[in-house]
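Here is a quick tour of a protein model, written for someone who would rather look at side chains than read tables. Keep the viewer open while you read.

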Amino acid sequence: MNETYLIIPSLNPDEKLGNTVNALVNRGFEHIIVVDDGSDEQYKKYFPDSCDKIIRLTHEHNKGKGAAMKTAFKYITDNCPDAKVIVTVDADGQHMPSDVENCANAVEPENSVAVLGCRNFDGEDVPKRSRMGNHFTSAVFKLLSGITLADTQTGLRAFPRKLLPLLLSISGERYEYETNMLLKFKQNGVKLKEVPIETVYIEENASSHFRPIRDSLRIYRFIISFLLSSVISCVADIALFHLIKLILPESVKATVLIATVIARVFSSLINFKINKDKVFDCKNGKKTLVKYYMLAIPQMLVSAFLVTFISFILGIPEKSALTTLIKAIVDTVLFFISYRIQQTFVFSEKGEKNDK
């Protein structure tokens, strides 16, 4: 308990915040950081005062849950050399003190493993929007990233101190930060361990500040960004492919292959730039570009081969517009495969010095 620090971000809380803090103190936790994320004046009374076991940090204006967590991470980095385990806890009483302790105990301080408190969403008392939202997000994570998690949106998370530099480098200021965290863990080779916890919903989670449309778009930004990146480069690729195929003389052999290569050179540069800066937020340079083309060139050849092969089997001339449609279908399938490879190989940051 002496080496475990709890972080509780909160915005406009009620009495449940005090109940949560008191329950954790009674459980034996000696270091609790409560972050007031710019709460309105009438809610200030619900925040506990700083004392020997409680540290209160304050944002003058609301910045978001992710920003509040990073404020606490930065405080621990700068001021708490004795901290070996860091646990984030929601302020609304949904996390039982015993579950917080179990997650803290599951952390291995010397290993790059993050612990997630995993809720069971099959109970009848779970709000429908929470059940559907979590199942959808879990399915998307597994399909695109190969990350298999039962609870992707849990706020109960525990980390060894060595992950603090990485946690501070992750983009996102609001609810999307917790999603970006999981993606960056995958990108950096940080393993995930799930610990079953009690599923508690108080008044159907009525006190949540989650905004369904705006915050959902933030959470799924990685999907939307990769999709838009792929759509933009795909449109450029297919348009150039179709144009080049039309202007090549009839005497030229391997029309599909030539058109595919020329189109892919231009579209891949667009795709690389967007994915590197906007999708995977990767800081690596030339090495990443080399790895990108180690994927892009085989993917291009596979695309050309499959389009040519399918067109031949179906008896479709290479100059036909139907070959463009076949290419669009083939590249859609390759889209899902490509995301996983780009995340785990091309834009992987394994080996970077995030541990300090």
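## Cysteines

How many disulfides does the structure hold? Zero, taking a disulfide as a pair of cysteine sulfur atoms within 2.5 Å. C103 is in no disulfide, and its nearest cysteine sulfur, that of C118, is 9.7 Å away. C118 is likewise in no disulfide. C103 is buried, with a relative accessible area of 0%, and C118 counts as buried at 13%. (Buried means under 20% relative accessible area, exposed over 50%, and partly exposed in between, using a 1.4 Å probe and protein chains only.)

A note on the ground rules: this is a predicted model, where local features need pLDDT of at least 70, side-chain atom pairs count only at pLDDT 80 or more, and totals for chains, interfaces and linings use all residues. Residues are numbered from 1 along each chain as its sequence is written, and side-chain values use heavy atoms, with hydrogens and water left out.

## Around V195

V195 sits in strand β7, residues 191-196; helices (H or I, at least four residues) and strands (E, at least two) are DSSP runs numbered from the N terminus. V195 is buried, at 13% relative accessibility. Leaving aside residues up to four places away in sequence, V195 touches both of those cysteines, C103 and C118, along with N102, A106, V115, L116 and G117. Contact here means heavy atoms within 4.5 Å. The C-alpha atoms of V195 and R119 are 8.6 Å apart, though 76 residues separate them along the chain.

## Aromatic pairs

The whole structure has five aromatic pairs. Rings of Phe, Tyr and Trp (its six-membered ring) pair if their centres lie within 6.5 Å; planes under 30 degrees apart count as stacked, over 60 as edge-to-face and the rest as tilted. F73 and F159 have ring centres 6.1 Å apart and planes at 85°, so they are edge-to-face. F73 is in helix α2 (65-79) and F159 in strand β6 (157-160), so this pair ties together parts 86 residues apart in sequence.

F305 and F309 are stacked, at 5.8 Å centre to centre and 15° between the planes. They lie four residues apart in helix α10, so about one helical turn separates them. F305 is exposed at 53% relative accessible area, while F309 is partly exposed at 43%.
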